[in-house]
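Hi everyone, thanks for coming. I'd like to walk you through one structure today, so let me put it on the screen.

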Amino acid sequence: MPVQWVLLLSAFLFSVGIYGVLARRNAVIVLMSIEVMLNAVNINLVAFNALLQETHLMGQIFALFVITIAAAELGVGLAIVILIYRNRTTVSIDEVSLMKW
Amino acid sequence: MVSTVKETAEALPGVIEIAWLIPVIPTVCFFLIVFFGKKLKGKGAEIGIAGIVAALALSIPVFFKTIGQLGHKDFHGYSKSVTWMEFGDKEVLELGYRIDGLTVVMLLVVCFVALMVHIYSTAYMKGEVRYTFYYAALSLFTGSMLNLVLANNLLQLLVGWEGVGVCSYLLIGHYWEEKENSNAAIKAFLTTRIGDVGFMFGIFVLFFAAKTFNIQAITEIVEEGHISNTVLTTAALLLFAGAIGKSAQFPLHVWLPDAMAGPTPVSALIHAATMVVAGVYLVARMYTVFHASPDALQVVAIIGAITMLMAALLALIQNDIKRVLAYSTISQLAYMVAALGVGAYTAGVFHIWTHAWFKALLFLGAGSVIHAVHSNNMSDMGGLKDQLPITHKTYLIGCLALAGMPGLAGFWSKDEILTGAFDSATHGSTVGWVVFISASLTAFLTACYSARMYFLTFRGNPKYDTSHVHPHESPAAMTTPLILLAVLAVAGGWIGLPGSWNQFAKWVHFGEEHAVFSFPVAAFGTLLFVGGFALGWAMFHKGKFRFDIKKSPLAWSYKLLENKYYLDDLYMGVIVRPIRDQVSRFAYWTNQNILDAVVNAGGAAALGLGKSLYKNVDQPVIDGAVNGTARITGKIGDTLKFFQTGNVQYYAAVLFIGIGISVAGFLYFN
């Protein structure tokens, strides 16, 4: 299977992720979109490892690290979202723009 | 300057090679005592004594080595020097020593008397203030004098000379809490300083004439007759000015009696071994220069003749026992000076030697008496013969030696001086007659005041307060030096016996050695001693020939003596006070009108400058810059803050756009 197909899949997922992050109001959707973007990166890593025939499997190992970090990040992110919801009964990102001048 | 001295070609004998240590050891001891003295058990005294013992232990072999060589025809003394400083190509200042008969004799005198004084002081100064510093100064004093004696060039001699002056200042003013004592120290320093100026100019004159500071080289150049008589006379008189100051000759003798303010052992050191004999030593050392100028020698002889008689008369009326001895020293120094003046070189130096022993003995003995009765005045003494047996016997020996009793040290040297003066007189010299008559009168007066001093102190009825003062003999540390010095006061003259036994004339002589002895003169001298001593005994012990001099026609002379010939008043009134007052008035005026004006003007200028700077520079420029920066920053912040929306998605969009631009730029430019 040519590598282009895999890279196109990765690019597609990444674009979907960007759209989700920039366009959706729901904070939970935003977090999910970030996960989609990270997984696009993982696919990319594995694809290039296969393409370059790297014997040490660096791509796969890196992907494992990314998954771990993503889990931790998601844990923190969801905790923040839940706290916001408890305080303001909403998870709309537009309404929590407090950190400004 | 290129030295023309022929250095002793062959290697010097071992002990001569290390002779430079003799002055260095006591000088090093000075620093050791100053830095470590107080921590030691003996408070520094042990370092001082050890240093002097070491110097003496070196001096004795040097002495014997040198006198062993003195018989040889072409031996002119050992000499060694190293370069001290260099100027340009050839100009060299040397640092060295020169050892001949005169040097070794002086070395023994200085080291031995200093040792006696050091030992004596352990008891005498016990518990006194600044005990450690006292010992430090004693060491430096001795070291400076040894440097002066050993120096082979005039500049080095000057260093020792000034060192001696400084130390005498420190020691005379030892009890400086009393104004009188510190005044005495200042007087001693300043009076000798007057002479020192002359001395320095003398050195310069000789340097420009001979192109060297080296004493031996100067001697040779003078002997070869390369220097004109006028220059030599000038140089000799200038050098003698230094000697007048240091050796307390008329008219600069006024400091010596006041120098009695110092502790008594210091007086012994100053009078017997260091300081005052430095002047006589200088004349003896540079004798070639004096000898080449008969005019200068005549001045020397006349000054000596005036001083000896004047001081002996003053000694006769003093009440303070130390002042009697002080005037006696002046008078005896004048003997030496006059002897050198009439050409009796050996006799003059011999008198330094004998005088050192009995004058050190007398001063230390006087210290012992003062220690016992707690007073300097002979009117508080009397009848101490039995309470102070050792002091009494040794003091009697000292008095007899000073008075010139035949057989004792003082007699031989005094006799040589009288003979020398008589010799000069019979060869048609008027000055010789003046010196001879003056010396004869002085010998008579010396015997008289010696007797007075002895009888008033030790005989007769006690005049101290017997209910409160209980005199007792001093400890062994004080009596031992007395006994040793008494032995020397008796036997010290035997090395200069007349005729072929005269060893001293072989060691120290100028030109041909001539140990003249004339029986009539010796008999005459004995007669003067007997007469003087008997008169003193009759007047001050038996009370004969007493009359109230204040009511007699001679009252004016007593008044003259009592006021020390008004010399102190003269110096005070004519020199010190007008100059000092003028100087102080001028200084005050300068201070008020010039210095203060400058200071005030400076202050006002600084103030004005400061004000103008504040107004024109600090406020507008510096503050403006600072405030302006802050204001601009604030303005920019106010404008830019609206980019901070608080919307996370907005930030993310900016981030992605930024990345997109970066990537596009990267691809485009690559």
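Let's begin with contacts along chain B: among those with a separation of 6 or more, 80% are between residues 24 or more positions apart. Please keep in mind that this is a predicted model.

How many helices and strands does chain B have? The count is 25 helices and two strands. The radius of gyration of chain B is 36 Å, while the globule rule gives 26 Å for 670 residues, so this chain is more spread out than a compact globule. If you like to think in boxes, the C-alpha atoms of chain B fill one of roughly 135 × 70 × 50 Å along the principal axes. As for burial, 49% of the 670 residues of chain B count as buried.

Now for chain A. Here we have three helices and zero strands, and reading from the N terminus the order is α-α-α. Chain A has a radius of gyration of 17 Å, well over the 13 Å from the globule rule for 101 residues, so chain A too is more spread out than a compact globule. Its C-alpha trace spans about 50 × 25 × 25 Å along the principal axes. Buried residues account for 11% of the 101 residues in chain A. And for contacts in chain A between residues at least 6 apart in sequence, 51% join residues at least 24 apart.

Where the two chains touch, chain B contributes ten residues and chain A contributes ten residues. On the chain B side, that makes four nonpolar, five polar and one charged residues.

Let me stop at T446(B) for a moment, which sits in helix α19 of chain B. Is T446(B) buried or exposed? T446(B) has 31 C-beta neighbours inside 10 Å, so T446(B) counts as buried. Setting aside neighbours within four places in sequence, T446(B) is in contact with A312(B), S331(B), L402(B), A403(B), G404(B) and G532(B). One more distance for you: T446(B) and K322(B) are 124 residues apart along the chain, and their C-alpha atoms are separated by 15 Å.

The second pair is α4(B), residues 101–124, with α16(B), residues 345–373. These two pack at an angle of about 5°, with their axes 10 Å apart. That makes α4(B) roughly parallel to α16(B). The α4(B) residues that take part include V105(B), V109(B), V113(B), M116(B) and Y120(B). From α16(B) they meet residues including I352(B), W353(B), A356(B), A360(B) and L364(B). This contact divides into 13 nonpolar, two polar and no charged residues.

Finally, two backbone details, one from each chain.

In chain A, L57(A) has a phi near 55°, which is a positive value in a residue other than glycine. You'll find L57(A) in the loop between α2 (27–52) and α3 (58–88) of chain A. L57(A) counts as partly exposed, because there are 13 C-beta neighbours inside 10 Å.

In chain B, A248(B) has a positive phi of about 55°, and it is not a glycine either. A248(B) lies in the loop between α9 (229–246) and α10 (255–258) of chain B. Is A248(B) buried or exposed? With 31 C-beta neighbours inside 10 Å, A248(B) counts as buried.

I'm happy to take questions.

Conventions:
Residues are numbered from 1 along each chain as its sequence is written. Chains are lettered from A and ligands numbered from 1 in the order in which they are written. This is a predicted model: local features need pLDDT of at least 70, side-chain atom pairs count only at pLDDT 80 or more; totals for chains, interfaces and linings use all residues. Helices (H or I, at least four residues) and strands (E, at least two) are DSSP runs, numbered from the N terminus. The radius of gyration is taken over C-alpha atoms; the globule rule is 2.2 Å times the number of residues to the power 0.38. A residue is buried if 20 or more other C-beta atoms lie within 10 Å of its own, exposed if 12 or fewer, and partly exposed in between; C-beta atoms are placed from the backbone. Two residues are in contact if their C-beta atoms, placed from the backbone, lie within 7 Å. Ala, Val, Leu, Ile, Met, Phe, Trp, Tyr, Cys and Pro count as nonpolar, Asp, Glu, Lys and Arg as charged, and the others, Gly among them, as polar. Axes are lines fitted to C-alpha atoms, for helices over the stretch in contact, and angles run from 0 to 180 degrees between N-to-C directions. Angles under 35 degrees count as roughly parallel, over 145 as roughly antiparallel, 65 to 115 as roughly perpendicular and the rest as oblique.
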